[in-house]
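Reader: I've got a new model open. Can you walk me through it?

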Amino acid sequence: MPQSATDVADFAQQVVSGLSSGSIYASVALAIVIVYRSTGAVNFAQGEMATFTTFVAWTLVDHGLGYWGAFALTLLIAFAGGIVLERVLIRPVEDAPVLTVVILTIGLFIALNGLMNWIWSAQVRSFPPNRPFPTRTIDVGGVAISIQDIGIVAVTLALVFALYVLFQHTKVGLALRAAALDRDSSRLVGVRVGWMLALGWGLAAALGAVAGLFTAAAFPPLEPNMMRAVLIYAFAAAVLGGLTSPVGAVVGGLALGVTLNLLSAYVDFVGTQLRLPVALVLILGVLLVRPAGLFGRVAVRRV
Amino acid sequence: MAPLLELRDVEAAYGSVKALHGVSLRVNEGEVVAVLGANGAGKTTTLRAVSGLVGYTGAIAFEGRTIARPSPERVARLGIAHVPEGRGIFSELSVDENLRLGAYVRRNGSWKDERARVTGYFPWFERRRGQQAGTLSGGEQQMLALGRALIGRPRLLLLDEPSLGLAPIVVREIFSIVTRLNEEEGLSVLVVEQNARLALRAAARAYVLEVGRVALEGPSDELARNESVRRSYLGY
C-alpha cells in the first residue's frame, strides 16, 4: 500500500490509467449488454466488429480525412453497419434458439477476422499516425496524469451519458427497452420490435467502434486481432455487472480496468502476463458466487 | 353501416393444431360484445387473430376495410388496443413508462391530457407513477393494462379474461369501468371471459365458442335464458 508522497502519486496514476483502459472495456461491455438484453444472446463478434470499423477509420484517414472527422464518420458507418448485420444475419434466425444466434455471431467473428486480413492484410499499423490526444501529462495535485487517459475516459463517459439519455428519456429509448423486455406486448402497443433490435445492434456497433479506435490509440498497433483480449475483459466486466445491467457494464468495466492495472503494478507475479487469467477467474468467480452480478436484477413478477 | 369489426370464416392454427375452424362474428360501433366458451374453445385465439399475433385464413375487416398483411404493429396503428391474457404489462418498467408505451402510436392529443383523462378512471396512477409495475397487485396490473390500452384512444378494445385470478370485488370494479368507458366515451369492446355471468351483464350481445366454432350467438339476455348456456356456463 502507498506510503510516501511519490507512492501516492504513483498509485493515483495507476488508477487513472486503469480508468482509461477500463472505459474501453466498459464500452464493449455495454455493447454486449445492449445486444444481450434485446436478443438474449452474447455477440462474440462485438470485438471483431470494433476492429473492422477501426480499419475503416484508418482507411478514411489514409484518404486524407482528419482523425476526429474520421472518428465521427466511423461511428455513423458502424451504426449503419450494425443495423445491416442485424437485418441480414440475425433477423432470419430471430425465433431460433439462442444457441443458433450465438453460433452465428461466432461465425461472424471468424468471417470478419478473415475479411480484415484479406482487405488490410495482417501487417502491423500504427493508428492514428499522430496521437489523437496530446502526449503531455498534466499535473493534478502532484500527480502527473496523461491527457490521453483523461481524453479517453471523458469521450467514453460522454457517449455513455448520451446513451443513457437516449434510453431513459426519449420515446425511442423507451421502445428500445420495451422491445428488449417483452416482444409480444411491445408489438401490441405498436412498437416495431424488429427495427428496435436492429437499432440496438447499431448502437452497440457504434460503441464498439469507439472502443476499437481508442484501443488502437492507447495500445498500438492496429491489427486484426487487437480486440481479442479487450473482448475477454469486456465479458468479464459485463458478467461482473450482471449482463443485463447497462450501469453494471460501465461500473464493471471501470472497476476491472483499475483492478487489473493495480494488480499488474503492485502484485509481482501478475505483471502483464497474467492479466487475462485474472479476468477469467473473475468471470468464473462471479458466476459461482453471484450469478446475477453486482447490478443484475432478478425480475420481480407477479402472475 | 358496416360493422366496426367483422370476422368472416376465420381459421387459425398453432402448428398442426387447429384452434379456429371458421369463426364469424362482428362488433358494431359503440357495442360491448362478449365471447364465451370453455378452455380451449378458441376465445383467446380469436382475439390474437384480430390483433395479428397469430396468422389466419379468412378475412378480418376493421371499419369496413379488410386488414391486409396483419401484424400487431399495424393493427395497433389502426386503433385496436389489445389487453392480452396475463395482461402483458412491462413488469420491469414503471407505471408511467407503461402508460407512455400505450401512447406510442397515438397521433393526436397531448400525452399529458390523455394521461389525465385515463387517470380519471384510475386515480391511483397519479400517486404511483414511479412504481415498478411488477410490484403492483394483480388487480392493479390489470387496471394498468387497461389504462395503457385506453391512453391511445382506441376505436376498439380487445379484452382477454380480465377477471383471471382476481378477487371478485376487483373484477366488479374493472367491469364497471369498462361499462363506464362504453357509456361515456362510446368505446367498442370485444371481451373474452370465462365468467359468463359478468360478461353477459356487461355485453349487449355475445357469442359462444365451442371447439373453434361459433355455437350460439345473440343478445345477452336471450343467451342468459338459453338452457344450454345456463347449464354449461352459468351453472344453474
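Reader: Start with chain B. How many helices and strands are there?
Author: Chain B has ten helices and ten strands. Keep in mind that this is a predicted model.

Reader: What radius of gyration does chain B have, and what would a compact globule have?
Author: Chain B comes out at 17 Å. A compact globule of 236 residues would be near 18 Å, so the value agrees.

Reader: And what box do the C-alpha atoms of chain B fill?
Author: Roughly 45 × 40 × 35 Å, taken along the principal axes.

Reader: What percentage of chain B is buried?
Author: Buried residues make up 47% of its 236 residues.

Reader: What about contacts between residues 24 or more positions apart?
Author: Take the contacts in chain B with a separation of 6 or more. Residues 24 or more positions apart account for 69% of them.

Reader: Now the strands. How do β1 and β2 of chain B run, parallel or antiparallel?
Author: Antiparallel. Strand β1(B) covers residues 5-14 and β2(B) covers 17-27, and eight bridges join them.

Reader: Which residue is the bridge partner of B:Glu11?
Author: B:His21, in β2(B).

Reader: What sits between the two strands, β1(B) and β2(B)?
Author: Two residues, and the strands form a hairpin. In the turn, B:Gly15 has a positive phi of about 60°.

Reader: Which residue of chain B has a positive phi without being glycine?
Author: B:Arg87 has one, with phi near 80°. B:Arg87 is in the loop between β6 (80-83) and α3 (95-102) of chain B.

Reader: Is B:Arg87 buried or exposed?
Author: Buried. B:Arg87 has 25 C-beta neighbours inside 10 Å, and the cut-off for buried is 20 or more.

Reader: Switching to the interface. How many residues of chain A and chain B are in contact?
Author: 18 residues of chain A are in contact with 24 residues of chain B. On the chain A side, α6 (171-181) and α7 (183-188) each supply at least two residues.

Reader: Which element gives the largest share of that side of chain A?
Author: α6(A), with five residues.

Reader: How do the residues on that side divide, nonpolar, polar or charged?
Author: Nine are nonpolar, two polar and seven charged.

Reader: Next, helix α9 of chain A. What should it span, and how far apart are its end C-alpha atoms?
Author: The helix α9(A) has 14 residues, 228-241, and at 1.5 Å a residue it should span 20 Å. Its end C-alpha atoms are 20 Å apart, so that agrees.

Reader: Why call α9(A) largely enclosed by the rest of the structure?
Author: Because eleven of its 14 residues are buried. Among them are A:Leu231, A:Tyr233, A:Phe235 and A:Leu240.

Reader: What comes just after α9(A)?
Author: A:Gly242, which takes a positive phi of about 115°. A:Leu243 also has a positive phi, near 60°, and is not a glycine. A:Leu243 is found in the loop between α9 and α10 (246-266) of chain A.

Reader: Is A:Leu243 buried or exposed?
Author: Buried, with 23 other C-beta atoms within 10 Å.

Reader: Last one. Where is the cis peptide bond?
Author: A cis bond joins A:Pro220 and A:Pro221, with omega about 5°. A:Pro221 is in the loop between α8 (193-218) and α9 of chain A.

Terms used
Residues are numbered from 1 along each chain as its sequence is written. Chains are lettered from A and ligands numbered from 1 in the order in which they are written. This is a predicted model: local features need pLDDT of at least 70, side-chain atom pairs count only at pLDDT 80 or more; totals for chains, interfaces and linings use all residues. Two residues are in contact if their C-beta atoms, placed from the backbone, lie within 7 Å. Helices (H or I, at least four residues) and strands (E, at least two) are DSSP runs, numbered from the N terminus. Ala, Val, Leu, Ile, Met, Phe, Trp, Tyr, Cys and Pro count as nonpolar, Asp, Glu, Lys and Arg as charged, and the others, Gly among them, as polar. The radius of gyration is taken over C-alpha atoms; the globule rule is 2.2 Å times the number of residues to the power 0.38. A residue is buried if 20 or more other C-beta atoms lie within 10 Å of its own, exposed if 12 or fewer, and partly exposed in between; C-beta atoms are placed from the backbone. The expected span of a helix is 1.5 Å times one less than its number of residues. Two strands pair if DSSP finds at least two bridges between them.
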